[in-house]
Amino acid sequence: MEFFHHDKTLLLSELLTVCMIVVVSSLGPIYTPPDIERLTDRFSRLPVNQGYEAFFGGANVRLINNGSSADLILDKSSGSGLISRDKYYYGFFNAALKLPANFTSGVIVAFYLSNQNIFPHNHDELDFELLGYEKRRRNWVLQTNLYGNGSVSTGREEKFYLWFDPTQDFHDYTILWNNHHIVFLVDNVPIREVVHNTTISSIYPSKPMSIYATIWDGSEWATHGGKYPVNYTYAPFVTSLKGVELEGCVSHQSATSCAKRSTSSLDPVEGDEFVKLSQQQMTGLKWARRKHMFYSYCQDTRRYKVLPPECTAN
């Protein structure tokens with residue numbers, strides 16, 4: 001009987017293992033990003049309250065650990081957001097975010113650069129927008145976008161599925177912007193590069209911008225005209241923020257002085273390592289776009305009868 005009991009226990013263990021494999025397999029392939037140099041390690045991280053102040057929904061902005069981190073809350077009363085204390089022309093900007101769990105249709109978490117409050121008809125913008133999941137899917141979508149000099153009539157969106165669960169831990173979302181290129185990075189992996197060349201120069205961001213972190217109700221915009229609105233039964237929706245990096249040329253310094261002082265503290269993103277992507281970073285970029293990008297405006301011929309010029313440039 002002792003042998004039989006041991007044998008039965010082993011059989012049950014094997015069956016459980018098989019079941020776990022089946023469950024994991026049903027989630028689809030799990031991708032591990034390639035090794036990438038960590039640009040975020042090159043700069044110091046600030047307490048949230050040192051780099052930011054309340055932008056809107058002040059009652060729903062909760063500073064934690066003496067302001068070293070913060071929770072941004074969306075509930076029936078309001079969303080909430082932070083704005084950087086300085087404006088920057090060029091720089092390296094990072095936020096480590098942990099996103100709300102549960103059903104998040106219509107919930108938008110954004111980390112972005114903009115000067116719309118100063119140039120309402122001619123503004124620049126660089127966006128990370130994290131879109132809560134709809135009923136037909138069960139994962140967050142990451143969208144990137146850019147506008148320059150008021151070019152809002154042409155959206156330049158690209159959309160990705162993440163290779164991790166953004167609700168379980170903090171992950172870094174980074175925007176690098178200088179005279180050479182704009183790079184969007186997730187956990188130091190480049191997912192999008194916009195090279196500053198003649199085909200895109202007219203819409204390349206050209207004016208100082210503030211940096212924002214927000215959570216808000218995007219039901220009408222993000223869920224097919226409100227088809228899957230925010231369900232406040234699951235509120236409050238909480239995004240946690242830390243890992244602030246705000247390194248760049250602040251707005252009282254001109255763009256010319258930034259470009260000329262490539263090794264000074266005035267513009268820490270003009271050194272050789274920031275002029276172009278390394279081979280390792282290029283490998284990461286190709287991996288992210290091949291494995292995780294599912295929409296690019298440059299492939300949307302239904303939306304654009306004539307694609308924007310940068311899409312067809314050699």
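Strands here are DSSP runs of E with at least two residues, numbered from the N terminus. The model shown in every view is predicted.

**Figure 1. Ser210 in strand S13.** Ser210 belongs to strand S13, which spans residues 210-217. With a relative accessibility of 2%, Ser210 is counted as buried, because that class takes in residues under 20%. Beyond its neighbours within four places in sequence, Ser210 contacts Ile83, Ser84, Asp86 and Lys87, as well as Tyr112, Leu113 and Ser114.

**Figure 2. Ile83 in strand S4.** Strand S4, residues 80-84, contains Ile83. Ile83 is buried at 12% relative accessibility. Leaving out residues up to four places away in sequence, Ile83 touches Gly51, Tyr52, Glu53, Ala54 and Phe55, and also Ser210, Ile211 and Tyr212. The C-alpha atoms of Ile83 and Ile211 are 5.7 Å apart, although 128 residues separate the two in sequence.

**Figure 3. Gln143 in strand S8.** Gln143 sits in strand S8, residues 141-147. Its relative accessible area is 4%, so Gln143 is buried. Neighbours within four places in sequence aside, the contacts of Gln143 include Asp127, Phe128, Glu129 and Leu131. Glu157, Glu158, Lys159 and Trp221 are also in contact with Gln143.

**Figure 4. Strand S11 and its burial.** Strand S11 covers residues 181-186, and six of its six residues are buried, so the rest of the structure largely encloses it. One side of S11 carries His181, Val183 and Leu185, the other Ile182, Phe184 and Val186; these residues are all buried, and both faces of the strand are covered.

Figure 5. Five bridges pair S11 with strand S10 (residues 171-177) in the antiparallel sense. Among these partners, Thr174 is bridged to Leu185 in S11. Three residues form the link in the hairpin from S10 to S11. S11 is also antiparallel to strand S12 (residues 189-195), to which six bridges join it. His181 has Val195 in S12 as its bridge partner. Two residues lie between the strands in the hairpin of S11 and S12, where Asp187 has a positive phi near 50°.

**Figure 6. The whole chain, for context.** The chain holds seven helices and 15 strands. It has 314 residues, of which 49% count as buried. Among contacts with a separation of 6 or more, 69% are between residues 24 or more positions apart.

Technical notes. Residues are numbered from 1 along each chain as its sequence is written. This is a predicted model: local features need pLDDT of at least 70, side-chain atom pairs count only at pLDDT 80 or more; totals for chains, interfaces and linings use all residues. Side-chain values use heavy atoms; hydrogens and water are left out. Helices (H or I, at least four residues) and strands (E, at least two) are DSSP runs, numbered from the N terminus. Buried means under 20% relative accessible area, exposed over 50%, partly exposed in between (1.4 Å probe, protein chains only). Contact means heavy atoms within 4.5 Å. Two strands pair if DSSP finds at least two bridges between them.
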